[in-house]
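I opened my notebook to look up a few things in this structure. These are my entries, in the order I made them.

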Amino acid sequence: MAAPRRAAVLGSPIAHSLSPVLHRTAYRELGLTGWTYDRFEVDESGLPAFFETLGPEWAGLSLTMPLKRAVIPLLDEISETAASVDAVNTVVRTEDGRRVGDNTDIPGMVAALREHGIDKVDAAAVLGAGATASSALAALSRICPGEIAVYVRSEARATEMRQWAERLGVAVRIADWADADQALRAPLVISTTPAGVTDALARSVPERPAALFDVLYDPWPTDLAARWSAYGGAVVSGLDLLVHQAVLQVEQMTGLAPAPLDAMRKAGEQALAER
């Protein structure tokens, strides 16, 4: 019988995380009866001490805010994808005990878009300029050869986005948040803002919208996503992203592929419906 293996999601706050539901479903579908997946409330100051407790039974960790950058000094290696945005959301412990970091948010975004038939766009718009926006730029660097308009609220955020764009090799145009309604006419709009921020934009959705990727999943739908869908536009949700990035995490941590995407999505939908 195989030795028990452990994995978990770390962050603060963490009680809301759907990751345990998704990963446990994957273990059940893959027949990994000895695997467990938990959640732990851990902030930046507590992360080094938590890492000290990790023994050989640990297969990996999922990381959410505020740990995606704080974890990097604790790792032996990070992937090119993670290095491109200085953010790690996945840690895999190798057989020889090395801690390897990766970022599955970026390929998860690309996979979620592809699932909805969006393989390439000529131009795009990003709403917001936080940590998720940098991942959005990295994802767009793979599918959008044209200009990306980024709508921000402050010059400090504008400077950050210009720096990320230069680092990622993408062409961006910084625009003021006051003109965010203009973003909605882009072939692809990626909204990376917190709940409620884009509600006022719902009234500006064009009659024939193209595609919207709203990274939120709770509450869902957002006002913007609901209006977009009502007008016949394609909508990719934050749950789509969450499931696709979790699929990649499961595959890396367990070494088994493919992970059960449909079962994981269904479990996530059910868990959200019960909230």
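**Two helices side by side.** I looked at how H5 and H6 lie against each other: their angle of about 30 degrees makes them roughly parallel, since angles under 35 degrees count as roughly parallel, over 145 as roughly antiparallel, 65 to 115 as roughly perpendicular and the rest as oblique. H5 covers residues 131-143, H6 covers residues 155-168, and their axes are 10 Å apart. For the record, axes are lines fitted to C-alpha atoms, for helices over the stretch in contact, and angles run from 0 to 180 degrees between N-to-C directions. On the H5 side, Ala133, Ser134, Leu137, Ala138 and Ser141 make the contact, and on the H6 side Met161, Trp164, Ala165 and Leu168 do (contact means heavy atoms within 4.5 Å). Helices (H or I, at least four residues) and strands (E, at least two) are DSSP runs, numbered from the N terminus.

**What I am working with.** This is a predicted model, where local features need pLDDT of at least 70 and side-chain atom pairs count only at pLDDT 80 or more, while totals for chains, interfaces and linings use all residues. Residues are numbered from 1 along each chain as its sequence is written, and side-chain values use heavy atoms, with hydrogens and water left out.

**The parallel sheet.** Next I traced an open sheet of six strands, in the order E9-E8-E7-E10-E11-E12, with parallel pairing. Which strands stand at its edges? They are E9 (172-176) and E12 (234-236); each has a single partner strand, so one side of each lacks a neighbour in the sheet. Neighbouring strands here are turned by 20 degrees against each other on average, ignoring direction. Two strands pair if DSSP finds at least two bridges between them.

**The antiparallel strands.** E5 (residues 90-93) pairs antiparallel with E3 (residues 58-63) over three bridges, and Leu61 faces Val91 in E5. E5 also pairs antiparallel with E6 (residues 99-102), this time over four bridges, with Val92 opposite Val100 in E6. E5 and E6 form a hairpin with five residues between them, and Gly97 in the turn has a positive phi of about 90 degrees.

**Salt bridges.** How many turn up in a search of the whole structure? I got twelve, a salt bridge being a side-chain nitrogen of Lys or Arg within 4 Å of a carboxyl oxygen of Asp or Glu.

One of them joins Glu77 and Arg98 at 3.2 Å, N to O. Glu77 sits in strand E4 (residues 77-78) and Arg98 in the loop between E5 and E6, 21 residues apart.

Another pairs Arg265 with Asp240, the closest N and O atoms being 2.9 Å apart. Arg265 lies in H9 (residues 261-273) and Asp240 in H8 (residues 238-254), so the pair ties together parts 25 residues apart in sequence. Are these two buried or exposed? Arg265 is buried at 14% relative accessibility, and Asp240 is buried at 10% (buried means under 20% relative accessible area, exposed over 50%, partly exposed in between, with a 1.4 Å probe and protein chains only). I also found Arg6, Arg24 and Asp38 joined into one network by salt bridges that share partners.
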